[in-house]
Amino acid sequence: MSAPQIDVREAGAADSAAMAAVYNHYIENSVATFETTAVTGEEFAARVSAVCAAGLHWLVARRGDELAGYAYAAPWNRRCAYRLSVETTVYVSQAAAGQGIGSVLYDELFARLRADGYHVAIAGISLPNAASVALHEKFGMRKVAHFSEVGNKFDRWIDVGYWQVILEREEHTP
């Protein structure tokens, strides 16, 4: 029996609880996010709504009945001159980790951003995080900044790096 196909589509309200469950794992067990309190499906629905209201994309990857991950682009900054720059984020469920879901999501998200005319995609990564760095660099992102000890979670200081790509010039290795 073959594995179910991965279906990528815009997130909907029905996905919110599953996305919150994926994200809450990272809140409770990692420094991938600096949030420290679990979020509800309702909070997630509001976040998705805000991204969509800004004219951007929040995508989910489903494999069969399971939510395997999600990715989205949010405004980089509210000031008008930044309107063509976005911040991207991707999270994959623990059950789907290491199976290429992040690449499938970013491939679709970046294609949509280019089609919509966005110029720059930026991603913040708490460090060290070799898997996330590898994913972002696969999509042509290059490290442009490093902030030392800007976060404190689980009683330790955490560095954050920023990666960016100019979307018109983006090339990646599938």
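This note reviews the aromatic pairs and salt bridges of a predicted model.

1. **Aromatic pairs overall.** A search of the whole structure gives 14 aromatic pairs. A pair of aromatic rings is described by the distance of the centres and the angle of the planes. Two of these pairs are discussed below.

2. **The pair W58 and Y72.** These two rings are stacked, with 3.9 Å from centre to centre and 15° between the planes. W58 belongs to strand β2 (residues 58-63) and Y72 to strand β3 (residues 66-75), so the contact ties together parts that lie 14 residues apart in sequence. W58 counts as buried because its relative accessibility is 2%. Y72, at 19%, also counts as buried; the cut-off for this class is under 20%.

3. **The pair W76 and Y162.** Here the ring centres are 5.9 Å apart and the planes stand at 75°, so the pair is edge-to-face. W76 is found in the loop between β3 and β4 (85-92), while Y162 is found in strand β7 (residues 156-166); the pair therefore ties together parts 86 residues apart in sequence. W76 is partly exposed at 30% relative accessibility, and Y162 is partly exposed at 22%.

4. **A cluster of rings.** Ring pairs join Y23, Y26, F44, W58, Y70, Y72 and Y91 into a cluster. The stacked rings of W58 and Y72 are thus among the members of this cluster.

5. **The residue F139.** F139 sits in the loop between α4 (130-138) and β6 (142-153). Its relative accessible area is 1%, so F139 is buried. F139 and F110 are 29 residues apart in sequence, and their C-alpha atoms are 8.6 Å apart in space.

6. **Salt bridges: D15 and R62.** The whole structure contains five salt bridges. In one of them, the side chains of D15 and R62 meet at 3.2 Å, N to O. D15 lies in the loop between β1 (6-10) and α1 (16-29) and R62 in strand β2, so this bridge ties together parts 47 residues apart in sequence. Both D15 and R62 are buried.

7. **Salt bridge: E35 and R47.** The closest N and O atoms of E35 and R47 are 2.9 Å apart. Because E35 lies in the loop between α1 and α2 (41-53) and R47 in helix α2, the pair ties together parts twelve residues apart in sequence. E35 is partly exposed at 25%, and R47 is partly exposed at 29%.

8. E108 and R112 form a salt bridge with closest N and O atoms 2.6 Å apart. Both residues lie in helix α3 (residues 101-115), four residues apart, about one turn of the helix. Elsewhere, salt bridges that share partners join R9, D15 and R62 into one network.

Technical notes:
Residues are numbered from 1 along each chain as its sequence is written. This is a predicted model: local features need pLDDT of at least 70, side-chain atom pairs count only at pLDDT 80 or more; totals for chains, interfaces and linings use all residues. Side-chain values use heavy atoms; hydrogens and water are left out. Rings of Phe, Tyr and Trp (its six-membered ring) pair if their centres lie within 6.5 Å; planes under 30 degrees apart count as stacked, over 60 as edge-to-face and the rest as tilted. Helices (H or I, at least four residues) and strands (E, at least two) are DSSP runs, numbered from the N terminus. Buried means under 20% relative accessible area, exposed over 50%, partly exposed in between (1.4 Å probe, protein chains only). A salt bridge is a side-chain nitrogen of Lys or Arg within 4 Å of a carboxyl oxygen of Asp or Glu.
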